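Biologist: I have a few questions about this structure. Can we go through them one at a time?
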Amino acid sequence: MARKILRINMTDLKATYEEMPEKWAKWGGRGMTSAITFDEVDPTCHPLGPNNKLIIAPGWVSGSPAAPSSGRTSFGGKSPLTGTIKESNSGGLSSQKLAKMGIGAIILEGKPKNGDWHMIYINKDGVDFLPADDLVGKGMHEVDKILWERFPNRPAVIGIGPAGEMKLSNAGVSVNDPENNPGRYAGRGGLGAVMGARGVKAIVVDDKGISAIEIVDEELFKEGRKKLTQSIQAHDLTKRDGALNSYGTDVLMNIINEAGGLPTRNFSAGQFEGAAKISGEMIAEMVENRGGGTTGHACHPGCIIQCSNIYPDEDGSIITSPVEYETAFALGANCGIDDLDYVAKMTYECNDIGLDTIEGGNTIAIAMEGGLIEFGDKVGALKLFDEVRRGTPLGRILGQGVEATAKAFGVHRVPTVKGQSMPAYEPRAIKGIGFTYATSTMGADHTSGYTIAPEIAGVGGKVDQLTDEGKADLSLTFQAATAFIDSTGYCLFIAFPILDIPEGWAGMAETVAGVTGLKITGEDVIPLGKEILKMERLFNERAGFNEQDDRLPEFMRYEVLPPHNVVWDTSDEELDKVYAWVHDGSS
């Protein structure tokens, strides 16, 4: 089945299947969303205006039989939070279903003429526009439940909560998981607000009656799949009963705390005395002792890493799914909160309202520093989410993210780059991730180039976390590899085994070549990744960004971070090396 572009115009309520243009045919996932955004979105447009678009794309291998952990969906457009190009990807049910239907990308464009809200239903027979009046104002837990009752084939539900309806800059896009939980989010960058600006509350993808995608070269695909699967199953981080499977991503809590790189109380320290109480080990203990929930949970069908969890209350009932490391850092350590139950309850609120947990938690930390509530006030922190849900003036400020809240409360210690707040790794203590935060095309984003792998975990070879020597090249290499992986539909966590096991790296490329027929080998991964980065970088330049935007916050240059007692002392010239190749003719 040849992939098609599904163009959905919300002004005319018209859906059209188009032939895949040759210029986009080689892309999937992030490569596809960035290529379409680069070609069709005016970089100077207002992100919430009529000229922005939301692009939704499955990866190259999504929908293929038994490709391991290949259910990521990419969402792209111009970010309301940063003003840059943006790709954010999510697990859940949507990627494999869209791919099986032959959809290479959905281009959601235009704005309703009368301000009505719609639901879009996609199945093998076409596209229907349905009224969404009964869904507006509801959280994603209720929306997912309603739509699974209405459409009985366990469809994918792509939706926005009240934050997206209010077009808040911290609004994410939810995708339901196999249990119909809404906690799989394309969270960062405010793309939920872009979807809200199109007047779309939900997109339902029903793939009943459609089989798996066609494979161009079955033998090559099977050989690559075997290599990749074996490498995932052999690596200590990703194997069955390995670190991620046993304790989830929050296994990092104690590790990063021990390394002195856990941002605490609005990035004022690198260690948190309550880290063990909100760690992955504690999640596993709660699951075992309370007789409910689970670890080793898959966020999408076919995942063999299974790093997610379902977190239980004291009586064994479910509070939320999942509690990730980034969530526990932002809503826990960075707010001075060491109560895992409250972290889980705030996670539920984020998932229901439609907020990115990283930006959401960091925003509360800013409000705490500004004196709204005290650090460690878990009851007060939880109550703040009701302000956002109700759209009060305070709630709308908080829903716009860290920078807006910092301005409202007169806070000068603002841990952002290009308007997006930093994730769970302190760049003063882990220098390579600082290079990624500073230079990423999408604002401070650990997943853009996860140098934590070598700097902390020793994956791909151990490097010193406190030096900036060689970190420009390290960050660029990881950014390019990530851009490629984000285009495949594979979970980014396959990076751990393939960096240590060369057969896995080759296998990843071979599965892509087998599915698509593209002549791709392991040697093409970095060059293709750099093609994507170049598109994104040039979009941002046309939007008005330059090297001066590739900088960490001023306070990090003079505030000493305990326990290592370090500052960010990397020169601007060293940071500028990361993307110097874009205009110097090299590749």
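Biologist: Where is A444?

Modeller: This is a predicted model. In it, A444 lies in the loop between helix 16 and helix 17.

Biologist: Is A444 buried or exposed?

Modeller: Buried, because its relative accessibility is 0% and the cut-off for buried is under 20%.

Biologist: Which residues is A444 in contact with, leaving aside neighbours within four places in sequence?

Modeller: R188, V417, Q420, S421, M422, P423 and Y437. Y437 is also one of the buried residues of helix 16.

Biologist: And how far is A444 from W148?

Modeller: Their C-alpha atoms are separated by 36 Å. Along the chain, A444 and W148 are 296 residues apart.

Biologist: Back to helix 16. How many of its residues are buried?

Modeller: Nine of the nine, over residues 431–439, so helix 16 is largely enclosed by the rest of the structure. The buried residues are K431, G432, I433, G434, F435, T436, Y437, A438 and T439.

Biologist: Are C303 and C335 buried or exposed?

Modeller: C303 counts as buried at 9% relative accessibility. C335 counts as buried too, at 1%.

Biologist: Next, helix 11 and helix 13. At what angle do their axes cross?

Modeller: Roughly 5°, and the axes come within 10 Å. Helix 11 covers residues 340–353 and helix 13 covers residues 378–390. The two helices are therefore roughly parallel to each other.

Biologist: Which residues make the contact?

Modeller: From helix 11, Y342, K345, M346, E349, C350, D352 and I353. From helix 13, K378, V379, A381, L382, F385, V388 and R389.

Biologist: What is the contact like by class?

Modeller: Between helix 11 and helix 13 there are nine nonpolar, no polar and five charged residues.

Key: Residues numbered from 1 in each chain as written. Predicted model: local features only at pLDDT ≥ 70, side-chain atom pairs only at ≥ 80, totals over all residues. Heavy atoms only, no water. Buried < 20%, exposed > 50% of the residue type's maximum accessible area, 1.4 Å probe, protein only. Helix = DSSP H or I, 4+ residues; strand = E, 2+ residues; numbered from the N terminus. Axes fitted to C-alpha atoms, helices over the stretch in contact; angles between N-to-C directions. Parallel < 35°, antiparallel > 145°, perpendicular 65-115°, else oblique. Contact = heavy atoms within 4.5 Å. Nonpolar A, V, L, I, M, F, W, Y, C, P; charged D, E, K, R; others polar.
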